[in-house]
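Welcome! Please take a moment to look over the sequence and the 3D view before reading on.

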Amino acid sequence: VVRSNGEYLYNFCSPVDDGVMKVTHVVRDRGKLDLLSKQEMVRISLGFPPVLYAHTPILVDVFGKRFTHDPDWGDATLQDFVQKGILQEGLISYLLSTLFGPSEHTYATIDEFCLRLELSRLHAANTVFTPSVLLEHNKHALQRLSNEEYMARVREFFDHTNPRVLEYIDSDKNLFKLLGDLKRSLYELEGIVEYLTSPR
């Protein structure tokens with residue numbers, strides 16, 4: 001629990017923080033399971049109350065390593081997924097589905113996930129990143145948006161990726177309404193707008 005220079009390591013700091021902050025539940029990935037015995041010894045030695053742990057599966061690549069990058073999607077950051085037109089709600093729903101229940105079950109809110117969650121029934125294995133399942137979650141998240149919310153996301157997306165597409169949308173009320181009714185993936189919209197404004 002202590003480095004050679006006398007500084008405390010996280011195996012000491014983590015249970016102390018949890019005890020001081022009155023943490024009752026710790027949810028973390030399975031990679032930290034081997035820390036449990038050391039941290040529990042510290043907790044018991046210091047007389048802090050028991051904590052419930054849930055060691056969850058993680059998202060991995062096809063080689064079974066922690067998912068950090070995909071050749072088609074880029075780095076596993078929110079910014080990279082948003083640039084590909086994935087809504088935050090779609091990404092969160094997908095990530096929640098990798099922990100519990102069938103992967104195709106979508107979650108409209110984290111509250112809905114919490115109501116369904118049974119810690120004893122967390123997935124037994126890590127989940128491999130599957131773009132097609134992510135896109136399904138994103139599609140459901142898109143459908144839950146009102147037309148106004150959807151077009152606000154469209155505006156935000158193209159403001160960062162291709163402002164020229166926004167000019168087309170802003171200059172044509174029919175196009176604006178059509179896109180709001182279609183509610184297609186933000187990533188598909190660029191091609192749709194190009195096709196509608198410059199048909200071949």
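This briefing covers a cavity, a residue in a strand and a pair of helices.

The model shown here is a predicted one.

**The cavity**
- The count of cavities of 30 Å³ or more comes to 1.
- The volume of the largest cavity is about 40 Å³.
- Its lining is made up of Pro 15, Asp 18, Gly 19, Arg 43, Phe 48, Pro 49, Val 51 and Tyr 53.
- Helix H1 (residues 10-20) gives the largest share of that lining, with 3 residues.
- By type, the lining of the largest cavity holds 5 nonpolar, 1 polar and 2 charged residues.

**Thr 56**
- Look for Thr 56 in strand E2, which spans residues 52-56.
- Thr 56 has a relative accessible area of 7%, so it is buried.
- Beyond its neighbours within four places in sequence, Thr 56 touches Val 27, Arg 28, Asp 29, Arg 30, Leu 99 and Leu 122.

**Helices H7 and H8**
- The axes of helix H7 (residues 147-161) and helix H8 (residues 163-171) cross at roughly 140° and come within 6 Å.
- H7 is therefore oblique to H8.
- On the H7 side, the contact involves Met 151, Val 154, Arg 155, Phe 158, Asp 159 and Thr 161. They meet Pro 163, Val 165, Leu 166, Ile 169 and Asp 170 in H8.
- The residues of this contact of H7 with H8 comprise 7 nonpolar, 1 polar and 3 charged.

Key. Residues are numbered from 1 along each chain as its sequence is written. This is a predicted model: local features need pLDDT of at least 70, side-chain atom pairs count only at pLDDT 80 or more; totals for chains, interfaces and linings use all residues. Side-chain values use heavy atoms; hydrogens and water are left out. On a 1 Å grid over the protein atoms alone, a cavity is a set of points where a 1.4 Å probe fits but cannot get out, and a pocket is an open set with protein on both sides within 12 Å along at least five of seven lines; lining residues have an atom within 4 Å of a point. Grid points are joined across faces, edges and corners, and a volume is the space filled by probe spheres set on the points. Helices (H or I, at least four residues) and strands (E, at least two) are DSSP runs, numbered from the N terminus. Ala, Val, Leu, Ile, Met, Phe, Trp, Tyr, Cys and Pro count as nonpolar, Asp, Glu, Lys and Arg as charged, and the others, Gly among them, as polar. Buried means under 20% relative accessible area, exposed over 50%, partly exposed in between (1.4 Å probe, protein chains only). Contact means heavy atoms within 4.5 Å. Axes are lines fitted to C-alpha atoms, for helices over the stretch in contact, and angles run from 0 to 180 degrees between N-to-C directions. Angles under 35 degrees count as roughly parallel, over 145 as roughly antiparallel, 65 to 115 as roughly perpendicular and the rest as oblique.
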